[in-house]
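Below are some comments on the model you sent, as numbered points.

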Amino acid sequence: MARRIAKFHKVSYEQFREGFEDSFGKREEEEIQRIYDGILLPKRATAGSAGYDFFTPVEISLKPGDTVKLPTGICAEMESDWVLKCYPRSGLGFKYRLQLNNTVGIIDSDYFYSDNEGHIFAKITNDSREGKTVCLKAGSGFMQGIFVEYGITVDDCATAVRNGGFGSTTKN
């Protein structure tokens, strides 16, 4: 039986609004609240699925070459010595060459405690070479996250504490 080592949460409304407006520009408060209320927590499609599907909070349409930075509204609380690895959903990668811009998203266990509440973003690009546009309705699965346990070297002495998102662990 698989170990239960994590829990998904929604970030606060304020944190989501900040990330959403950074990606999509200023919007009416009621519109952002409606989008926030509709955020779905990641879930597995079947009992045998390794990946937790992440869902788009808004409709997106990406022509070949287009990129979007998508605030998911989600954070992951997990035990230490675990990481959440994020990948495009297989079908979207196969049909459209939908790519995560950093290839594989790595969500460390201490990211949850950052100032941004561990808000998970995905920067995705339609890398289609066949002229295909990716159209996803709000609530569509676009990325999958897999929890993986990891080890460290016997002489590891890291003691720094994270406080930030992308690139924050190299600022120490």
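1. Helices here are DSSP runs of H or I with at least four residues, numbered from the N terminus. The model is a predicted one, and the comments should be read with that in mind.

2. How many aromatic pairs does a search of the whole structure find? The search returns nine. One of them joins Phe20 and Phe24, whose rings are tilted, with 4.8 Å centre to centre and 40° between the planes. Both residues belong to helix α1 (residues 13-24); because they are four residues apart there, about one helical turn separates them.

3. Is Phe20 buried or exposed? Its relative accessible area is 1%, so Phe20 is buried, the cut-off being under 20%. Phe24 has 25% relative accessibility and therefore counts as partly exposed.

4. A further pair is formed by Tyr52 and Phe147, this one edge-to-face, at 5.9 Å centre to centre and 75° between the planes. Tyr52 sits in strand β2 (residues 52-55) and Phe147 in strand β11 (residues 141-149). The two residues are 95 apart, and the pair links distant parts of the chain. As for accessibility, Tyr52 is partly exposed at 25%, whereas Phe147 is buried with a relative accessible area of 17%.

5. Phe20 and Phe24 also belong to a cluster linked by ring pairs, together with Tyr13, Phe16 and Tyr36. Tyr36 has a charged neighbour as well: Lys10 lies over the face of its ring, 4.2 Å from the ring centre.

6. On secondary structure, the protein chain has three helices and 11 strands. Read from the N terminus, the order of the elements is β-α-α-β-β-β-β-β-α-β-β-β-β-β. The radius of gyration is 17 Å, close to the 16 Å given by the globule rule for 172 residues, so the chain is as compact as a globular protein of that length. The C-alpha trace spans about 50 × 35 × 35 Å along its principal axes.

7. What share of the 172 residues of the protein chain counts as buried? The figure is 40%. The accessible surface comes to about 10200 Å², and carbon and sulfur atoms account for 49% of that surface. Taking contacts between residues at least 6 apart in sequence, 76% join residues at least 24 apart.

Terms used:
Residues are numbered from 1 along each chain as its sequence is written. This is a predicted model: local features need pLDDT of at least 70, side-chain atom pairs count only at pLDDT 80 or more; totals for chains, interfaces and linings use all residues. Side-chain values use heavy atoms; hydrogens and water are left out. Rings of Phe, Tyr and Trp (its six-membered ring) pair if their centres lie within 6.5 Å; planes under 30 degrees apart count as stacked, over 60 as edge-to-face and the rest as tilted. Buried means under 20% relative accessible area, exposed over 50%, partly exposed in between (1.4 Å probe, protein chains only). A charge sits over a ring if NZ of Lys or CZ of Arg is within 6 Å of the ring centre and within 35 degrees of the ring normal. The radius of gyration is taken over C-alpha atoms; the globule rule is 2.2 Å times the number of residues to the power 0.38. Contact means heavy atoms within 4.5 Å. Accessible areas come from the Shrake-Rupley method with a 1.4 Å probe; for residues, only the protein chains shown count as cover.
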